[in-house]
Amino acid sequence: MKRADLERHLRGQGCQFLRESGRHSIWWNPANRKVSSIPRHREINDFTARKICRDLEVIPPG
């Protein structure tokens, strides 16, 4: 999955970009105060994308 597609999905679920950190971007879900990091690669493995969504407690991309 493209990183831009994952970020678009997270924004649609109400998550927000928090900050950059090393090789990752930190995103958070203000509704439940959960935080997760997204690697700064063009392609993100589907397993990793599902794990990020699980960490933020949002539905995984379809």
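## A quick tour of helix α2 and its surroundings

In helix α2, the buried residues are Ala49, Ile52, Cys53 and Leu56; "buried" here stands for under 20% relative accessible area, "exposed" for over 50%, and "partly exposed" for in between (1.4 Å probe, protein chains only). Looking down the axis of α2, you find these buried residues within an arc of 95 degrees, so they line one face of the helix. That arc is taken from the directions that run from the helix axis to the C-beta atoms. This is a predicted model, in which local features need pLDDT of at least 70, side-chain atom pairs count only at pLDDT 80 or more, and totals for chains, interfaces and linings use all residues. Residues are numbered from 1 along each chain as its sequence is written, and side-chain values use heavy atoms, with hydrogens and water left out.

**More on α2**

- Helices (H or I, at least four residues) and strands (E, at least two) are DSSP runs, numbered from the N terminus.
- Turned away from the buried side of α2 is a face with the exposed residues Phe47 and Arg54.
- The cover over the buried residues of α2 includes α1, β2 and β3.
- The C-alpha atoms of threonine 48 and methionine 1 are separated by 9.6 Å, though the two are 47 residues apart along the chain.
- Just after α2 comes glutamate 57, with a positive phi of about 60 degrees.

**The nonpolar core**

- The largest nonpolar core has 11 residues in all, among them Leu6, Trp27, Ile38 and Val58.
- Both α1 and α2 (46–56) supply at least two residues each to this core, and α2 gives the most, with four residues.
- A nonpolar core means a set of buried Ala, Val, Leu, Ile, Met, Phe, Trp, Tyr and Cys residues joined through side-chain atoms within 4.5 Å.
- Leaving aside neighbours within four places in sequence, leucine 6 is in contact (heavy atoms within 4.5 Å) with Met1, Ile38, Ile44, Ala49, Ile52 and Cys53.

**Arginine 3**

- Arginine 3 belongs to helix α1 (residues 3–12) and is buried, with a relative accessible area of 17%.
- A polar atom of the arginine 3 side chain lies 3.3 Å from the backbone oxygen of proline 39.
- With neighbours within four places in sequence left aside, the contacts of arginine 3 include Ser25, Ile38, Pro39 and His41.

**The strands**

- Strands β1 (residues 16–21) and β2 (residues 24–29) run antiparallel and are joined by five bridges; two strands pair if DSSP finds at least two bridges between them.
- Arginine 19 has isoleucine 26 in β2 as its bridge partner, while glutamine 16 stands opposite tryptophan 28 in β2.
- The hairpin of β1 and β2 has two residues between the strands, and glycine 22 there takes a positive phi near 55 degrees.
- Six bridges link β2 to strand β3 (residues 34–39), again antiparallel, and serine 25 stands opposite isoleucine 38 in β3.
- Four residues lie between the strands in the hairpin of β2 and β3, where arginine 33 has a positive phi near 60 degrees.

Terms used
Polar contact = N/O pair within 3.5 Å; in protein donor to acceptor, adjacent residues only side chain to side chain.
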